[in-house]
Amino acid sequence: MTDSQARHWEVELTMLGPGVSEAVAWAGLVVERASNATLTDSAGRDYLDLMGGAGVNLVGHSNPGYVNALHRQLDAWMIGAHASVSRLEALRGLTALLPPELDRVQFYSGGAEAVEAAIRLAKSATGKFEILSFWRGFHGRTAGALAATGGARAGLGPAMTGVHSTPYANCYRCPLKTTYPGCGLACVDLAREALREQSSGSLAAILVEPVQGRSGNVVPPPGYLPALRELADEHDALLIADESMTGLGRTGAILASEPAKPDIAVLGKGMGNGYPVSAIAASSAVMTAGPFGAPSASSSSYGGFPLAGAAVAAVTRIVRDQRLADRADAAGSEFLALLRELIPERGIVGQIRGAGLAVGIELVTDTRGPLGKRELRAVFDRLLGVGVLVMTGGGTLRLYPPLTIDRDELTRAAQLIAAVLTTWTS
Ligand SMILES: Cc1ncc(COP(=O)(O)O)c(C=O)c1O
């Protein structure tokens, strides 16, 4: 951070609430412009942006097709949830990419708002009210989403009632101290048991991230999501896949939860590529259930405004035309293999994992506990010093390059990260 950038932050923070994203505050960047996977700060320094606005940068900063579409819509009109060509294109674009059974879409403005809508919809469609979510999961900071989020509730009083929470399939740190596949997905059995013990028999939905983002891009083993599907079916409950972070190609598939056939998918982040738009997608039968499906019962001021439509239409067009899910799958596998080749899983590096272009490098202490905040920040700073901006979470470096990133840039990112981690001494 230059002196002038430090002064800029100092001034902003006299007026801005201090609860900003920790990694953004750590970086302390004052950004001037951005292009694809590169951020340029006010001192003219370039950074490889693997933070991507916390996984938002799906089709690249300032992607020309996207920018032009938004400019055109801005010139035309921007206020009102009336029908528009851009919203129609967005709906066509989304439903063409999504599994055919998810044929209805309702738009919102942010991830947490869409999670809330998914919970309300599940309650409407089932007539029941309980939710099962998972340890260390993240679904947002509004009251209902927070109740389903792991931790982050201290000091905020009682959470929404009826939310059960059991361990996620985090095989690196299995809370049940078992090993996959020998465990036979013991965490799902525990969830079944917990519901038997605790539920009032009114489970509306299981809410799950197909890859847990904030806890460090934790990728569950094969069979986990389908096993949750079965559990939901046993309770005549819905399966809600929170794909805010993973949807539209990030993990190498349009939906990371596809094998589990979710009843409701929550989309956000990358679907707007910077424009604040989110959505839930469900079948017509589910989406029209009352009271959610009643007139005005599920609208929001900005949901489906024309600029949102233009953003989603552009993103879905780019994802489809450039086959970005396939690209994320191929480039992500190569990136992961290169990281594993260059960075042995020892010393400070506990595990390198990922799905497509959502990668986690879990950093650990000498006793393989999660790395403390101070040392994590030191690693973060060292990476920033060599021009690599990452996201953090749960003692893990989280990497979210745009799906349009050049292969050479991924190689350079892997080399720079390896140079820092393999020579790490605190
Ligand atoms: C999986 C998941 N769901 C929901 C949210 C909340 O999204 P927003 O910050 O847009 O409210 C996030 C944000 O990180 C997320 O990762």
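Begin with the largest nonpolar core of this predicted model. Select Ile361, Leu363 and Leu421: of the 84 residues in this core, these three touch the most other members. Next, colour helix α11, residues 306–321, which gives the most to this core, with ten residues. Then display domain 1 (3–59 + 323–421) and domain 2 (64–321) in two colours; the core draws at least three residues from each of them.

Return to Ile361 and show its surroundings. Neighbours within four places in sequence left aside, Ile361 is in contact with Leu339, Val349, Gln351, Ile352, Gly395, Thr396, Leu397, Leu399, Ile417 and Leu421.

Now move to Thr316, which has its place in helix α11. Is Thr316 buried or exposed? Its relative accessibility is 3%, and Thr316 therefore counts as buried, since buried means under 20%. Beyond the neighbours within four places in sequence, the residues in contact with Thr316 are Gly93, Leu94 and Leu97.

The tour ends at the surface. Select Leu74, Met78 and Ile79, which form a nonpolar patch there. Together, these three residues have about 300 Å² of accessible area.

Definitions and conventions:
Residues numbered from 1 in each chain as written. Predicted model: local features only at pLDDT ≥ 70, side-chain atom pairs only at ≥ 80, totals over all residues. Heavy atoms only, no water. Patch = residues over 30% accessible without salt bridge, like charges linked within 9 Å, V, L, I, M, F, W, Y side chains within 5 Å. Areas by Shrake-Rupley, 256 points an atom, 1.4 Å probe, with all protein chains shown as cover. Salt bridge = Lys/Arg side-chain N within 4 Å of Asp/Glu carboxyl O. Core = buried A, V, L, I, M, F, W, Y, C linked by side-chain atoms within 4.5 Å. Buried < 20%, exposed > 50% of the residue type's maximum accessible area, 1.4 Å probe, protein only. Helix = DSSP H or I, 4+ residues; strand = E, 2+ residues; numbered from the N terminus. Domains from an automatic or database assignment. Contact = heavy atoms within 4.5 Å.
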